[in-house]
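Have a look at the model first, and then we can walk through the contacts together.

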Amino acid sequence: MKKNVVTISGINKSFDGDIALKDFTLSVRDGEFLTLLGPSGCGKTTLLRIVGGFETCDSGEIHIDGQSATGVPPENRAVNTVFQSYALFPHMTVFDNIAFGLRIAGKTNSEISKAVLDALKLVRLENTRHKMPAELSGGQQQRVAIARAIVNKPRVLLLDEPLSALDYRLRKQMQKELKELQQTLGITFILVTHDQEEAFTMSDRVVVMDHGQIVQVDSPRAIYEEPANLYIASFVGEINVLDGIITGRGESHYVADVENVSVIVKSKRDFAIGDPVHVLLRPEDFRIEVMHDLEESSTLAKKFAKALLKGTVESTYYKGATYDVDIILNDGKRILVTEFFDEDSESLYFNQGDRVAVGWFEGWE
Ligand code: ATP
């Protein structure tokens, strides 16, 4: 296990009596890409600003590299911050913007020149060093801001929604670049975002926050597949919630009855036989078949032997590689199913009004 580079212990912070962070405790590992994810107002930026030294806390402590950061101003912490607004000096060239901190630190001209050119190379902007910020695109300006933040090789880079001002395509590209940069440098990155996809694409671990507290800290996959509660399940992607009753348990699973269908469900929580539960299903977990296809094909019928939630297609949404199908189950409940295009299948689409059987192959007993 890698050692911790930042430890955040029992941080509390209120603004005019409103709690922004409540007894917040977290250890950030050396060299990891960690993301703070949560809805607007949950305290992500406040936490980042406290780590960066731009905000004080009411109680609690931050240690960076084993040293208490209490009372240490931002410029003396081994962390740099990249903000959403690039915050470049408009009257300075790209080179001078990146060199600024090194000049203040009293580095020699040749040291500065080498460090700035190295940083520009890492963000692939070698040819822009004589340009002014206004001559660059938004993506290029943000790369300059990142180059400026890594030029003095901080232990930790704090990134506050650094990509949110960019358009969708550029944001996707920059997500990959940032991840690669982090891996090349081996610096610890702490990113703030409210975009789940962004958090999942880049992070080793994601911290899901709500109302100033941690709800779950885990790998993106664990958070998606084993969310700690309904709040997280519905915050990270679409989720269907069906009512079930626990009817049995195996070594690593439970059996639940969902509308008279036995399904295998996984949970780390303790349940007793007879307990009512919410069974959470991602749209891509389901498979659907039109009822009359099922009646005509014995192979399909076998596959769907026990998967017999029945319903009617309400609408379909084309999404490119996949399509979504809204289904109203016989009991009136609405579910969302994501279907993948199957080249062998003649019926790519379900149509409004189709009577369908809904199941999921994996997990059905
Ligand atoms: P967003 O994604 O919208 O930036 P966030 O999760 O980063 O949200 P914070 O900006 O940390 O949330 O804000 C947490 C809470 O603290 C909010 O209720 C906010 O209104 C409040 N807050 C933050 N900074 C200040 C401030 N300087 N003065 C007063 N209240 C503040």
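Predicted model: local features only at pLDDT ≥ 70, side-chain atom pairs only at ≥ 80, totals over all residues.

Helix α2 spans residues 94-104, helix α3 covers residues 109-122, and helix α4 runs over residues 138-150.

**α2 with α3**
- The axes of α2 and α3 come within 10 Å and cross at roughly 125°.
- The crossing of α2 past α3 is right-handed.
- On the α2 side, the contact uses Val94, Phe95, Ile98, Ala99, Leu102 and Arg103; these meet Ile112, Ser113, Ala115, Val116 and Leu120 of α3.
- Sorted by class, this contact holds nine nonpolar residues, one polar and one charged.

**α2 with α4**
- Here the axes are 8 Å apart, and the helices pack at an angle of about 30°.
- Angles under 35 degrees count as roughly parallel, so α2 and α4 are described that way.
- α2 also passes α4 in a right-handed crossing.
- Val94, Asn97 and Ile98 of α2 meet Val144, Ala147 and Arg148 of α4.
- By class, four residues in this contact are nonpolar, one is polar and one is charged.

**Residues in both contacts**
- Val94 and Ile98 of α2 meet residues of α3, and Val94 and Ile98 also meet residues of α4.

Terms used
Residues numbered from 1 in each chain as written. Heavy atoms only, no water. Axes fitted to C-alpha atoms, helices over the stretch in contact; angles between N-to-C directions. Helix = DSSP H or I, 4+ residues; strand = E, 2+ residues; numbered from the N terminus. Left-handed = near helix turned anticlockwise from the far one by under 90°. Contact = heavy atoms within 4.5 Å. Nonpolar A, V, L, I, M, F, W, Y, C, P; charged D, E, K, R; others polar. Parallel < 35°, antiparallel > 145°, perpendicular 65-115°, else oblique.
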